[in-house]
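Have a look, then we'll go through it question by question.

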Amino acid sequence: MKIFAAGAYQELLSSRRERMPQILLAVFVGMVTASSVIGWLTNQVVTSVYDRTYAAGLTTQPNPFSAVSPLYYAKNTVIYIILIGALLAIVVGVQSTIRDRKAHTFDLVLSRPVRPASYLGAKLVGLLFWVAGILALSAAISWTSIGAIVGSVLSPGDTIRLLGFYALAWLFLLPFIVLGMLTGLYSRRETTSLLVPIVTWSVLTFVVPQLGTAEHPVSLLNPVPAIASQGGVFQLANLVLGPLSLTEHFKHASGYVLGNTVGAGNPLLSLAVMVAFAVSLLVVLLTTQRDRMRSPLDE
Amino acid sequence: MNDTAIKTTELSHSYGPKAALVGLNLSVREGEIFGLLGHNGAGKTTAVSLLTTLIAPTKGTATILGLDIHTDADEVRRTIGYLPENVQFYGNLTLLENLRFFARLSGLQKPDARIREVLEFLDFTGHDSERLETFSKGMRQRVGIAQSILHNPKVLFLDEPTSGLDPQGVRNLREIILNLNRHFGMTIFMNTHLLSEVTQTCTSIGVLREGELVYQDSLAATLTAFPDEASLEDIYLHIEARPGQ
């Protein structure tokens with residue numbers, strides 16, 4: 001157990017000091033903050049225009065924002081998790097295993113009484129703590145900014161939903177971390193180890209959902225899930241490829257947790273797909289052989 | 001007490017169809033400094049990788065202080081220290097952070113006192129909070145030795161320990177190896193190209209050629225067995241050139 005903790009702590013320390021994850025982290029937290037500011041400005045402008053219009057007697061309709069759930073303002077974060085969060089997860093995953101291969105430190109680790117699965121598992125736990133820390137920071141920013149926008153502290157129910165959303169985001173990022181770790185272990189070059197998971201991510205995010213929904217790729221950047229096409233080849237494609245649309249499933253489940261029921265689908269199915277992705281990749285990671293870990297890079 | 005520290009019996013390893021080590025029969029006594037010599041690709045690193053349990057033999061077996069490298073692998077790992085060639089460590093961690101990590105992997109619960117002791121033994125104090133990315137090759141090699149002896153191993157494996165070091169670094173490392181052997185009675189098994197180092201450090205040698213051990217004896221016996229050769233370098237080239245046994 002102590003060996004496991006040492007591995008996890010070492011990974012946490014190393015990842016925290018890598019430059020690329022630091023840059024991506026700054027971008028991610030910056031986007032979450034910017035999203036909050038934009039939400040606040042939108043609310044302020046619309047409410048101010050509405051107040052003047054209402055005072056002038058030009059409308060009797062209620063303020064459009066008065067019927068909106070406070071969690072509406074966290075909606076765009078779904079996209080930031082899918083775009084920047086997943087990239088961040090891939091980068092930290094790749095660097096975690098490539099670092100040891102480049103520095104030949106796997107030999108030092110494996111010449112001690114340490115099982116490959118135990119060491120790789122410890123590294124993963126370190127990264128999961130690191131990502132959990134980032135998501136906790138983002139959750140705090142969202143909670144504070146939503147409170148500022150709506151002018152009151154978020155209710156306990158909404159706070160739990162917001163935390164549930166970030167827990168879901170953590171689960172969504174897990175397969176990308178593991179994918180990065182795996183390509184870091186199996187690629188012969190560092191560039192390939194980054195390229196393969198990024199291509200995989202773009203296929204899961206854009207190509208697979210597009211084949212089942214006939215949506216324009218830009219529409220897939222919408223936090224609301226794309227609607228499956230009815231009839232013809234697209235319906236068939238959706239039937240076959242639907243379970244592989246990891247990012248769309250994350251949108252479905254997030255929509256349910258945040259209370260955006262538009263296109264929320266079956267949240268349990270979405271959760272099951274996310275868990276299935278995570279478990280399958282975990283099995284591959286934890287059965288990695290010593291020879292694979294020790295394999296040299298071609299550079 | 002088991003007088004034999006390292007014993008291999010028909011130890012072999014192949015990478016696919018290519019045999020890297022063929023039927024190695026070797027014996028190193030406790031307290032010896034053994035130098036394994038051979039050209040590039042002769043199988044020296046494969047031999048060390050097998051003895052440090054990093055790879056499994058395709059045939060044969062070996063014991064370290066009576067422990068089988070296959071059936072008692074974890075116990076062997078607790079007994080040995082290892083410094084691979086060209087290890088870089090974690091550059092963005094400090095010296096202390098690196099050593100704490102490896103100490104904990106070796107099972108040390110509160111390693112700081114032991115780390116301090118080892119760094120003082122290596123005359124390498126005052127760098128605790130410096131990151132390893134700022135260290136020279138010679139400094140990194142000291143870190144390598146430090147991590148390999150933190151858990152007081154009885155047998156130490158060094159793979160080309162002087163590779164890339166300047167003459168001062170080579171001299172410092174030689175003193176460290178000799179001190180480890182004299183003060184702690186550590187058995188040391190090292191692969192090397194530097195025959196001058198072997199002359200000044202090793203008590204016995206072995207020569208590998210294309211995966212086969214073609215010579216093994218004590219250094220003193222080797223130097224007297226070849227009276228016509230002026231140096232160990234000449235003896236080594238003579239052994240390398242003679243027909244297979």
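Q: Which residue is the bridge partner of Asp159(B) in β8(B)?
A: That's Asn191(B). Keep in mind that this is a predicted model.

Q: What makes β7(B) and β8(B) a pair?
A: Two strands count as paired once DSSP finds at least two bridges between them. β7(B) and strand β8 (residues 187-191) of chain B have five bridges, in the parallel sense, so by that cut-off they pair.

Q: How does the chain get from β7(B) to β8(B), and what hand does the crossover have?
A: It goes through helix α6 (residues 167-184) of chain B, and this β-α-β crossover is right-handed. The label is given because, with the strands pointing away from the viewer, the path from the first strand over the helix to the second runs clockwise.

Q: How do you know that β6(B) pairs with β7(B)?
A: Same test: at least two bridges are needed. Strand β6 (residues 80-83) of chain B and β7(B) have four, running parallel, so they pass. Among the residues involved, Tyr82(B) has Phe157(B) as its bridge partner in β7(B).

Q: Why is strand β7 of chain B described as largely enclosed by the rest of the structure?
A: To count as buried, a residue needs 20 or more other C-beta atoms within 10 Å of its own. Five of the five residues of β7 (residues 155-159) of chain B are buried, so the strand is largely enclosed. Both faces are covered: Val155(B), Phe157(B) and Asp159(B) are buried on one side, Leu156(B) and Leu158(B) on the other.

Q: What makes β6 and β10 of chain B edge strands?
A: The open sheet has six strands in the order β6-β7-β8-β3-β9-β10 (chain B), with mixed pairing. β6 and β10 (212-218) of chain B each pair on one side only, and they are the edge strands. Neighbouring strands are turned by 15° against each other on average, direction ignored.

Q: Which strands do helices α5(B) and α9(B) touch when they pack on the sheet?
A: Helix α5 (residues 137-149) of chain B touches β6 and β7 of chain B, and its direction makes about 165° with that of β6(B). Helix α9 (residues 232-241) of chain B touches β3 (33-37), β9 (204-209) and β10 of chain B, at about 40° to the direction of β9(B).

Q: What describes the packing of α5(A) against α6(A)?
A: For two packed helices, you give the angle between their axes and the distance between the axes. Here helix α5 (residues 116-150) of chain A and helix α6 (residues 156-186) of chain A pack at about 145°, with axes 9 Å apart. Their crossing is right-handed. Residues that meet include Leu120(A) and Trp143(A) in α5(A), and Thr159(A) and Met181(A) in α6(A). By class, this contact has 19 nonpolar, three polar and no charged residues.

Q: How many helices and strands does chain A have?
A: 11 helices and zero strands. Of its 299 residues, 43% count as buried.

Q: Where does the largest share of chain B's side of the interface with chain A come from?
A: 23 residues of chain B are in contact with 22 residues of chain A. α2 (73-79) and α3 (95-105) of chain B are the elements giving two or more residues to chain B's side, and α3(B) has the largest share, with five. By class, that side has 10 nonpolar, eight polar and five charged residues.

Definitions and conventions:
Residues are numbered from 1 along each chain as its sequence is written. Chains are lettered from A and ligands numbered from 1 in the order in which they are written. This is a predicted model: local features need pLDDT of at least 70, side-chain atom pairs count only at pLDDT 80 or more; totals for chains, interfaces and linings use all residues. Two residues are in contact if their C-beta atoms, placed from the backbone, lie within 7 Å. Ala, Val, Leu, Ile, Met, Phe, Trp, Tyr, Cys and Pro count as nonpolar, Asp, Glu, Lys and Arg as charged, and the others, Gly among them, as polar. A residue is buried if 20 or more other C-beta atoms lie within 10 Å of its own, exposed if 12 or fewer, and partly exposed in between; C-beta atoms are placed from the backbone. Axes are lines fitted to C-alpha atoms, for helices over the stretch in contact, and angles run from 0 to 180 degrees between N-to-C directions. A crossing is left-handed if the near helix is turned anticlockwise from the far one by less than a right angle, and right-handed if clockwise.
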